[in-house]
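Biologist: I'd like to learn how to read a protein model feature by feature. Could you take me through this one?

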Amino acid sequence: MNDPASRLEARAQELLAQVSTAEKLALLDGDTPFWSGMADIALTQASHRHPWPAGQLPRLGLKGLQFVDGPRGVVLEGGATTFPVPMARGACWDPELEERIGEAIAVEARSFGANWVAGVCVNLLRHPGWGRAQETYGEDPVHVGAMGAAMTRGLERHAVACVKHFALNSIDSSRFLVDVQVGQRALHELYLPHFRDCVEAGAGSVMSAYNQVNGHWCGQQPELLRRILKERWGFSGFVVTDFIFGLRDGVAALLAGQDLEMPFPMVFAGCLPEAVADGRVPMGCVDEAVRRLLQVQLGVPPGTYPASLRSCQQHRALAREAATSSIVLLRNEGQVLPFRGLTSLAVIGRLASLPNLGDRGSSDTRPLPGAVVTPLQGLRDAASELRIEQASGDSPQEAAELAARCDAALVVVGLDWRLEGEHIHPGDIAPILRLIPPPGWLLRLLGRRRLMPLWRPVAEMIAWTTSFASARQGGDFAAGDRTDLSLPADQVALIRQVAAAHPRTVVVLMGGGGLLIEDWRQLVPGLLLLWYPGEQGGAALADVLLGRVSPSGRLPFSMAADTAYLPPFEPRARHVVYDHWHGYRRLQRDGHPAAYPFGFGLSYSRFTASALTAQLQRADGRMDQLKASVTITNTGEMEAAEVVQLYLEPPAREIERPARTLVAFQRLLLAAGESRRITLDIPLRACATFEPVQDGFVTEGGVHRLVLARHVEEEGLELELELDAALVCR
């Protein structure tokens, strides 16, 4: 018993033997009382003021887990660093950078007293209009899995990583209603591999989703939580509900593999004591959940983390590096960029001078006043010799006149929190509100047996009132999902008028999800994606525009030329079928070239690839893998980063498969003229299909083609490889 995991498990078992039944059941809930906690949320925005505790048991020296959200940085007030949103970091295609960001977020969380961070959102972007697109990394499971695993490793150095939302949660406006139907192949090949990558990277916790999958709410989905996560993948951590509204049936949830309800005693507390007493829930099931919680808590690294770690110079530099690496240059006709020889520049658009950090839901951050560098400020700081004139763009005519007086024009437009983000229809949560517990003082006054028959009608009235108020107000209090992917009409009018006034117009797009730009993109010679770039975004943009750094971001999702080419998307859907066909997989199948393909991005430099080789490597006790090697050369005149992308084209067989899928990638920085030979590791699972009859991943026999390309639609450098039909793994 020399390995750390065995020692932690043994210590958890020792503690478990000292915990009473009542204490065990209390450990399955968050430690904040329901009514005071809800009042705290409503009156003080508690999610941005303090962590949420669970697992505290002072009698045994257990200080508990302290939960905080943080996909783009710790959300608590107090000056934590705001990094680019995960979708922007997905555009970096840089797991090593993401791991460093994860570690930075973890140490800043510890400085607030938190030790459990929900910073790993790996739901696939099935449709680019998803309101929370900005919180994940992209549309492809290999890419998302690599980035999520990197974030997990970084967080776990100092805290417990929470991976969310398990699973198939990619519609926000109906997340409390929708039942996602999915077959075994699509489930295992497309919608689960990235979660598995995070588990294998050492995640201590996984958060179940609000939605249903195949007729079961995710918080009580036995196939997902127990059979796949805990048994098939061997997950040794714990499963936590999404907050407040994550459970419907506490008995079914615990039996299915749910371990902890957060942040309040609510559904579990209302049913488990009686269910354990009458035998509907075996004590062994409770013990398993408590042991997992104890084991993870005992594994939290010790340490002292001062407040000076927040937004320190190192972390600000890291935020700037990520923002710079995320910028995707989509169009550069006539080499309009980088800006050279300018004496004046018109900077146009409301978003040029405003902090635009992303959604204001659970991932919202609280940077210090003045910490955010806007595009306008970044340019002024970087080019003091340049005469920069500004227009809000409220009057397209005035903006065009300003552009005409300057050497070039920069138009900053796009989305903000008003147009996309996390969303709740209050009426949708009415069925869950029926489960709210009575106030403790009332319970103590009347006792559970006398109170509960009286309380149920009261809870029903609260639920009905909430639904009625929601219906009268339209139900919306956040942006939610988008079915119209176009820019607002006033922004399009602004682009058109400025482009007509100046041939050297560059458009900067902000946002986290997809945009439909087909009707105007060819009117401007320069076009790039800035995303929601975090607090150093303006400085990063200036570095790229002025040519100090070559743009190196690559698209983490496909930008379609028409919404008709995307999967059906109904934000208020109650039933939806998920299959293999979204993103580049769907565009390929239907023969529709993307406006800008998955993996696309221009550079100020040039690269060549040569000498592609591959071989199958047998591994004792581990899954076999392919090793592909290639030489990459920077043939341009400046240092630049390239993202090497390797795709697989399977043999032609009766089984329906995507024509080409990503199997590996690597980002590398090369000096001008430098060559480097790199090796890409490809797990055979990424090349296989899930065979329900064999209950595992199986490679097809025949000739497979590996294609090294700069994006998914490029012809690329090809290599044929013969593989045998074989069961790879379960």
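Predicted model: local features only at pLDDT ≥ 70, side-chain atom pairs only at ≥ 80, totals over all residues.

Biologist: Okay. Where is Phe34 found, and what does Phe34 touch?

Modeller: Phe34 belongs to helix H3 (residues 34–44). Contact here means heavy atoms within 4.5 Å. Leaving aside residues up to four places away in sequence, Phe34 touches Phe264, Pro265, Met266, Ile436 and Pro437. Phe34 and Ile244 are 210 residues apart in sequence, yet 9.2 Å apart in space, C-alpha to C-alpha.

Biologist: Does Phe34 count as buried or exposed?

Modeller: Buried means under 20% relative accessible area, exposed over 50%, and partly exposed in between (1.4 Å probe, protein chains only). Phe34 has 5% relative accessibility, so it counts as buried. Asn332, in strand E10, counts as buried because its relative accessibility is 9%. With residues up to four places away in sequence not counted, Asn332 touches Leu337, Pro525, Leu602 and Tyr604.

Biologist: Now whole helices. Which residues of H8 are buried?

Modeller: In H8 the buried residues are Pro193, His194, Phe195, Arg196, Cys198 and Val199. That makes six of the eight residues of helix H8 (residues 193–200), so the helix is largely enclosed by the rest of the structure. Just after H8, Gly202 has a positive phi of about 105°.

Biologist: And how do I check the length of a helix?

Modeller: Compare its ends with an expected span, which is 1.5 Å times one less than its number of residues. Helix H13 (residues 313–326) has 14 residues and should span 20 Å at 1.5 Å a residue; its end C-alpha atoms are 20 Å apart, which agrees.

Biologist: What do the buried residues of H13 pack against?

Modeller: They pack against helix H4 (86–90), H5, strand E10 (328–332), strand E15 (526–529), helix H20 (537–545) and strand E20 (661–670). The buried residues themselves are His315, Leu318, Ala319, Ala322, Ala323, Thr324, Ser325 and Ser326.

Biologist: How do I describe two helices that pack together?

Modeller: Two packed helices are described by the angle between their axes and the distance between the axes. Axes are lines fitted to C-alpha atoms, for helices over the stretch in contact, and angles run from 0 to 180 degrees between N-to-C directions. Here, the axes of helix H5 (residues 95–111) and helix H6 (residues 141–156) come within 7 Å and cross at roughly 35°. On the H5 side, the contact is made by Pro95, Glu98, Glu99, Ile101, Gly102, Glu103, Ile105 and Ala106, and on the H6 side by Ala146, Met147, Ala150, Met151, Arg153, Gly154 and Leu155.

Biologist: How many residues of each class are in the contact of H5 with H6?

Modeller: Ala, Val, Leu, Ile, Met, Phe, Trp, Tyr, Cys and Pro count as nonpolar, Asp, Glu, Lys and Arg as charged, and the others, Gly among them, as polar. By class, the contact of H5 with H6 has nine nonpolar, two polar and four charged residues.

Biologist: On to sheets. What holds strands together?

Modeller: Strands of a sheet pair through backbone hydrogen bonds, either parallel or antiparallel. Two strands pair if DSSP finds at least two bridges between them. For a parallel case, strand E4 (residues 160–166) and E6 pair over three bridges, with Phe166 having Ser208 as its bridge partner in E6. E6 also pairs in the parallel sense with strand E9 (residues 238–240), over three bridges, and Ser205 stands opposite Phe238 in E9.

Biologist: Which residues of E6 are buried on each side?

Modeller: Ser205 and Met207 are buried on one side of strand E6 (residues 205–208), and Val206 and Ser208 on the other, which leaves both faces covered.

How values were computed:
Residues numbered from 1 in each chain as written. Heavy atoms only, no water. Helix = DSSP H or I, 4+ residues; strand = E, 2+ residues; numbered from the N terminus.
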